[in-house]
Amino acid sequence: MRWKALDHLARYVVAFSSVALVLLVILTGWQVWGRYVLNDTPTWTEKAALLLILIVALPMAAIGLRENFHLGIGYVSDLLPPKSQRTLEIANSLVLGGFGVAMVFGSWPLVIGTWGRDIPLLGLPQGLQYAPLILTGSLIVLFMVERVWFLAKGINPSPPRDDAAEGGA
């Protein structure tokens with residue numbers, strides 16, 4: 001069971017990250033084409049690619065936490081009785097939520113402090129390099145609040161895994 005609003009938010013994050021990934025591949029291809037075919041490397045593409053990597057990887061890590069395939073503690077949890085499993089899952093979610101809060105409040109000064117400077121070769125505010133950390137921390141907090149809410153009610157918030165579709169037994 002999930003909150004529908006966060007389902008929609010997760011879909012938008014995946015779509016946005018997918019577009020950023022496509023742009024990353026295009027920019028990297030353009031850089032290789034320029035370097036080896038045109039013998040004139042476009043210097044701005046490297047800085048743009050580094051920014052896109054942050055936009056792709058960080059929010060998708062939050063999605064991985066929501067879907068429970070990132071930073072899982074399944075092995076230890078599986079060894080415990082069901083009630084202890086739920087307690088451990090709640091504790092894990094609270095720790096991850098705290099990490100998300102730390103990401104937001106730790107990254108905010110970086111964004112504010114570097115917003116007035118430009119990323120060399122791009123002309124974009126340097127604070128954009130740290131903004132994905134704030135977005136990711138916020139997503140982690142939202143997703144962990146959702147998980148704790150359902151776990152506290154005794155409902156498993158994780159979707160059932162289809163091991164047959166993943167090549168498992």
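Colleague: Which residues form one aromatic cluster?

Modeller: W3, W149 and F150 do. Bear in mind that this is a predicted model, where local features need pLDDT of at least 70, side-chain atom pairs count only at pLDDT 80 or more, and totals for chains, interfaces and linings use all residues. Residues are numbered from 1 along each chain as its sequence is written, and side-chain values use heavy atoms, with hydrogens and water left out.

Colleague: How many aromatic pairs does the structure hold?

Modeller: It holds 2. Rings of Phe, Tyr and Trp (its six-membered ring) pair if their centres lie within 6.5 Å; planes under 30 degrees apart count as stacked, over 60 as edge-to-face and the rest as tilted. W3 and W149 form a tilted pair, 6.0 Å centre to centre with 55° between the planes.

Colleague: Which parts of the chain does that pair tie together?

Modeller: W3 lies in the segment before α1 and W149 in helix α5, so the pair ties together parts that are 146 residues apart in sequence. Helices (H or I, at least four residues) and strands (E, at least two) are DSSP runs, numbered from the N terminus.

Colleague: And what about W3 and F150?

Modeller: They form a tilted pair too, 5.8 Å centre to centre, with 55° between the planes. This pair links W3 in the segment before α1 to F150 in helix α5, 147 residues apart.

Colleague: Is F150 buried or exposed?

Modeller: F150 is buried, because its relative accessible area is 5%. The cut-offs: buried means under 20% relative accessible area, exposed over 50%, partly exposed in between (1.4 Å probe, protein chains only). W3 has 29% relative accessibility, so W3 counts as partly exposed. W149 is at 44%, so W149 is partly exposed as well.

Colleague: Let's zoom out. How many helices and strands are there?

Modeller: The chain has 5 helices and 0 strands. From the N terminus on, the elements run α-α-α-α-α.

Colleague: How much of the chain counts as buried?

Modeller: Of the 169 residues, 32% do. The accessible surface comes to about 10500 Å², and 70% of that belongs to carbon and sulfur atoms. Accessible areas come from the Shrake-Rupley method with a 1.4 Å probe; for residues, only the protein chains shown count as cover.

Colleague: What share of the contacts comes from residues 24 or more positions apart?

Modeller: They account for 68% of the contacts with a separation of 6 or more. Contact means heavy atoms within 4.5 Å.

Colleague: Now the inside. Which residues make up the largest nonpolar core?

Modeller: There are 12 residues in all: L6, A10, V13, A62, I63, L65, L96, M103, L139, I140, F143 and M144. Elements giving two or more residues to this core are α1, α2 (44-66), α4 (82-114) and α5 (131-152). α5 gives the most, with 4 residues. A nonpolar core is a set of buried Ala, Val, Leu, Ile, Met, Phe, Trp, Tyr and Cys residues joined through side-chain atoms within 4.5 Å.

Colleague: What is A10 in contact with?

Modeller: A10 is in contact with I63, R66 and F143, leaving aside its neighbours within four places in sequence. Apart from that core lies another, of 10 residues, among them A20, L24, A49 and I55.

Colleague: Where is S17, by the way?

Modeller: S17 is in helix α1. S17 has 4% relative accessibility, so S17 counts as buried. Leaving aside neighbours within four places in sequence, S17 is in contact with I55, V56, P59 and M60.

Colleague: Over to the surface. Which residues form the nonpolar patch?

Modeller: W30, V32, W33, Y36, V37, L38, W44 and L121 form it, with about 870 Å² of accessible area together. Helix α1 (residues 4-36) gives the largest share, 4 residues. Patches are made of residues with over 30% relative accessible area and no salt bridge: like charges are joined within 9 Å, nonpolar side chains (Val, Leu, Ile, Met, Phe, Trp, Tyr) within 5 Å. A salt bridge is a side-chain nitrogen of Lys or Arg within 4 Å of a carboxyl oxygen of Asp or Glu.

Colleague: Where does L121 sit?

Modeller: L121 is in the loop between α4 and α5. L121 counts as exposed, because its relative accessibility is 54%. Its phi is near 75°, a positive value in a residue other than glycine.

Colleague: And what is the phi of N39?

Modeller: N39 has a positive phi of about 55°, although N39 is not a glycine. N39 lies in the loop between α1 and α2.
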